[in-house]
Each structure stands twice: as C-alpha cells, then as structure tokens.
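Work through the exercises below with the model open. Each task is followed by its solution in steps.

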Amino acid sequence: MTSPESSNTNWKQRNNLNTKRLAKWTAAWVLSLALATFGDKFIWQQSELITAIAIGINFLIGIVMIMVNKQHLTDLDELQQKIQLNAMALSLGIGLIVGISYSTLDTTGLISSHAEISHLIIVMALTYMIGIIFGNRQYQ
Amino acid sequence: MKNRLKVLRAERDLTQAQLADLLNVSRQTINAIEKGKFDPSLPLAFKAARLFGLTIEDIFEDEPPE
C-alpha cells in the first residue's frame with residue numbers, strides 16, 4: 001500500500017486552492033458589477049465611455065470566473081461532482097420554469113410590476129444552495 | 001450495489017479519511033460508498049481493487065433487480 005500523504009495532499013490542496021480562486025474571482029465579478037452599475041451615477045458622472053469600459057471589464061472578469069468554476073468542478077471527486085450536477089440541474093430547471101411563468105405574468109399584464117432578471121437570479125441562487133444542502137445530506 | 005469496503009478497510013486498520021486519502025476522494029465519498037448510497041465509477045472501483053490487491057468482484061457485488 002502506498003503512502004497517502006503525497007497524492008491526496010495534492011488533491012486536497014488543489015481543491016482548497018480552486019475554492020479560494022473561485023471565491024476571489026466571484027468577489028471580483030460582483031465588485032466589478034457594482035462598479036459598472038453604480039459608478040455611472042456616483043463616481044464618473046455619466047460618462048458613457050467609462051461605463052462601457054466598466055461593463056467590458058465586468059464581462060471579461062465573468063468569463064474568467066466561468067473558467068475558474070469549470071476547473072473547480074473538474075477537480076472535485078465524483079460524488080461531489082454528482083451533487084453539483086444535481087443542484088445545477090434543479091437550479092436550471094426551476095429557473096427556466098419560474099422565469100417563463102414570471103415573464104408571462106408580466107407580458108399578459110397579470111402583475112403590475114415588470115419582471116426583473118435579478119428576481120430570477122435570486123430564485124436560481126436559492127434553488128442551487130438548497131440543492132447543494134439536500135445533496136450533501138443525501139450522501140452523509 | 002453491495003460492497004465489502006468497510007470490512008476491508010477495518011481489516012487494514014484504516015480510517016475513512018485514510019482510505020479517502022489513498023483513493024484521492026473525499027471522506028464523504030468513502031462513507032457514501034460504504035453505506036451503499038453511492039456507486040463508484042469503474043476507474044475508482046479499479047483503484048480500490050488495486051489498493052487492496054483484489055479484483056473488483058471481490059469488493060463489489062451487483063444486486064440483481066427483484
């Protein structure tokens with residue numbers, strides 16, 4: 001039997017590193033989104049060029065965040081990947097159904113307010129978190 | 001799928017965490033396999049078999065549908 005020290009220490013270290021990298025890039029994306037959204041009004045006083053650059057930077061950081069997330073998922077073990085897949089499937093499915101129903105309520109005039117994309121993102125994020133919690137409980 | 005992972009692990013005086021370390025998976029995965037809640041992939045089953053010096057059939061047993 002080989003020593004467990006080297007290979008799994010690397011595996012654990014890689015996963016910890018991936019998680020930290022994902023947290024950093026997610027934070028960067030959220031901050032750049034806040035800057036692009038509110039900077040126009042509170043920092044650079046409605047300069048379209050700066051706003052466009054801020055949105056471009058937010059978009060590029062978003063692309064990096066997706067790549068870092070993909071690496072994070074790839075390096076998880078097979079049970080963790082299964083839990084993630086189930087949670088994402090739940091989030092996507094609920095997001096699609098709720099999103100279409102919500103949009104239809106808006107377009108048919110059954111609700112007075114406009115359907116906001118942020119509401120859908122909140123629903124998907126909550127569904128994803130619930131999926132992760134239930135997935136982890138299921139395999140405890 | 002039934003398996004003898006817990007018995008084999010106990011025979012070698014390994015904890016779940018130590019076996020997880022040897023197989024490059026999380027302790028949660030070892031626990032789920034031992035409890036029959038999760039069936040490992042073929043590569044992981046081969047890895048476990050190699051580790052214990054057994055065949056896959058010595059560790060895992062298919063349960064035919066009733």
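Helices (H or I, at least four residues) and strands (E, at least two) are DSSP runs, numbered from the N terminus. This is a predicted model, in which local features need pLDDT of at least 70 and side-chain atom pairs pLDDT 80 or more, while totals for chains, interfaces and linings use all residues. Residues are numbered from 1 along each chain as its sequence is written, with chains lettered from A and ligands numbered from 1 in written order.

**Exercise 1.** Describe the fold of chain A.

Step 1. Chain A has 4 helices and 0 strands, in the order α-α-α-α.
Step 2. Its radius of gyration (over C-alpha atoms) is 20 Å, well over the 14 Å from the globule rule (2.2 Å times the number of residues to the power 0.38) for 140 residues, so chain A is more spread out than a compact globule.
Step 3. Along the principal axes, the C-alpha atoms of chain A fill a box of roughly 65 × 40 × 15 Å.

**Exercise 2.** Check the annotated segments of chain A against the model.

Step 1. The unreviewed UniProt entry marks "transmembrane region" at residues 49-68, 88-105 and 117-135 of chain A; such annotations may be inferred rather than shown by experiment.
Step 2. Residues 49-68 of chain A are 100% helix, with end C-alpha atoms 29 Å apart.
Step 3. Residues 117-135 of chain A are also 100% helix, and there the end C-alpha atoms are 27 Å apart.

**Exercise 3.** Describe the side of chain B that touches chain A.

Step 1. Counting contacts (C-beta atoms, placed from the backbone, within 7 Å), 14 residues of chain B meet 10 residues of chain A.
Step 2. Elements giving two or more residues to this side are α2 (16-23), α3 (27-34) and α4 (42-52) of chain B.

How values were computed:
Contact = placed C-beta atoms within 7 Å.
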